[in-house]
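Subject: Structure handover

Hello,

Here is the structure for your files. My notes follow below it.

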Amino acid sequence: MKTFNFRKLSGLIQKGIAATVIISALYSPSYAYDRNEVKIGVVGENNEYWKPIIEKLEAEGVKAELVRFSTYPLPNRALEDGEIDLNAFQTGAFLKTESDENGYHLKAIGTTIIAPLGLYSKKIKQITDIKDGDTLTVPSDPITTGRALRLLETAGYLKLKADAGYLPGQSDIIENPKNLKFYWVDAANSYGTLDDVTAAFINGGYAVDRGLTPDKDAIYIENTEGWGLENPFVNVIASRESDQDNELFLHIVDLYHTKEVADIIKTSYKGAFIPAFTYEK
């Protein structure tokens with residue numbers, strides 16, 4: 001009777017396992033990230049350009065989830081508290097202001113878009129139709145307030161202090177020849193005032209959420225020039241300072257900076273968002 005050689009079988013199995021491991025290493029992608037899940041905070045519903053990024057991460061074994069917030073201050077608090085891993089909704093200037101005022105330890109690690117600030121109206125067709133005593137809604141956060149006042153200065157409706165910097169406030173207005181009246185509201189509520197005022201400044205993301213096309217519907221719109229983290233009005237991907245060199249997070253920035261994402265931004269948002277990065281064509 002022939003006996004079965006279990007020692008020989010064990011050796012063959014071990015060799016087979018080793019071969020399988022070698023084949024897997026040769027033919028399967030290997031990603032040495034420190035986690036397989038990442039939560040990214042965003043504001044608003046228009047985030048189509050994240051879809052190809054999420055799909056590519058999934059193919060690499062990383063589950064990416066968009067966590068939606070209703071107003072601007074919330075994603076930074078969530079990031080600071082560790083409830084999310086990244087956020088992507090704000091300008092570099094807003095990130096700096098929020099971090100300075102609240103003691104956050106957050107860092108911009110990559111650019112995303114420029115979202116031009118626009119002035120919209122249901123009552124006038126162009127900014128030159130503004131008359132004495134007209135009313136304007138301005139989002140009350142310091143960044144949007146500063147941008148709105150600069151736009152009005154560019155259009156000739158205000159004069160601001162020479163040393164006001166790139167983000168002037170109400171106290172920096174030194175001339176208001178048309179006696180314009182301002183209503184200061186949370187950015188999310190600016191659209192809702194259109195029936196009650198002459199015109200309202202509305203941030204790009206909120207404008208798109210309400211069905212507006214900035215380069216067509218705005219009666220006056222911000223001129224955006226220059227990309228890079230040094231531009232305070234460029235939107236950014238932010239992490240905690242302790243994670244600014246995280247390999248996965250920097251990889252997500254690279255996945256964002258692609259032609260595929262840029263094409264979605266250009267075709268889907270019709271001038272509301274402009275890609276603020278270079279990419280291989």
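Helices (H or I, at least four residues) and strands (E, at least two) are DSSP runs, numbered from the N terminus. The model is predicted: local features need pLDDT of at least 70, side-chain atom pairs count only at pLDDT 80 or more, and totals for chains, interfaces and linings use all residues. Residues are numbered from 1 along each chain as its sequence is written, and side-chain values use heavy atoms, without hydrogens and water.

Start with the end of α9. K270 comes just after this helix and takes a positive phi of about 50 degrees.

Next, the packing of α9. Helix α9 (residues 259-269) packs on helix α2 (residues 51-59) at an angle of about 155 degrees, and their axes are 9 Å apart. Axes are lines fitted to C-alpha atoms over the stretch in contact; angles run from 0 to 180 degrees between N-to-C directions. The two helices are therefore roughly antiparallel (over 145 degrees). P52, I53 and K56 of α2 meet E260, V261 and I264 of α9. Contact means heavy atoms within 4.5 Å.

The buried residues of α9 are V261, A262, I265 and Y269 (buried: under 20% relative accessible area, 1.4 Å probe, protein chains only). They fall within an arc of 100 degrees seen down the axis, so they line one face of the helix. The arc is that of the directions from the helix axis to the C-beta atoms. Their cover includes α2, β4 (106-114) and α8 (247-256).

Last, T91. This residue is in strand β3 (residues 86-91). T91 is buried, at 7% relative accessible area. Beyond neighbours within four places in sequence, T91 has contacts that include I143, R147 and F233.

Best wishes

How values were computed:
Buried < 20%, exposed > 50% of the residue type's maximum accessible area, 1.4 Å probe, protein only. Parallel < 35°, antiparallel > 145°, perpendicular 65-115°, else oblique.
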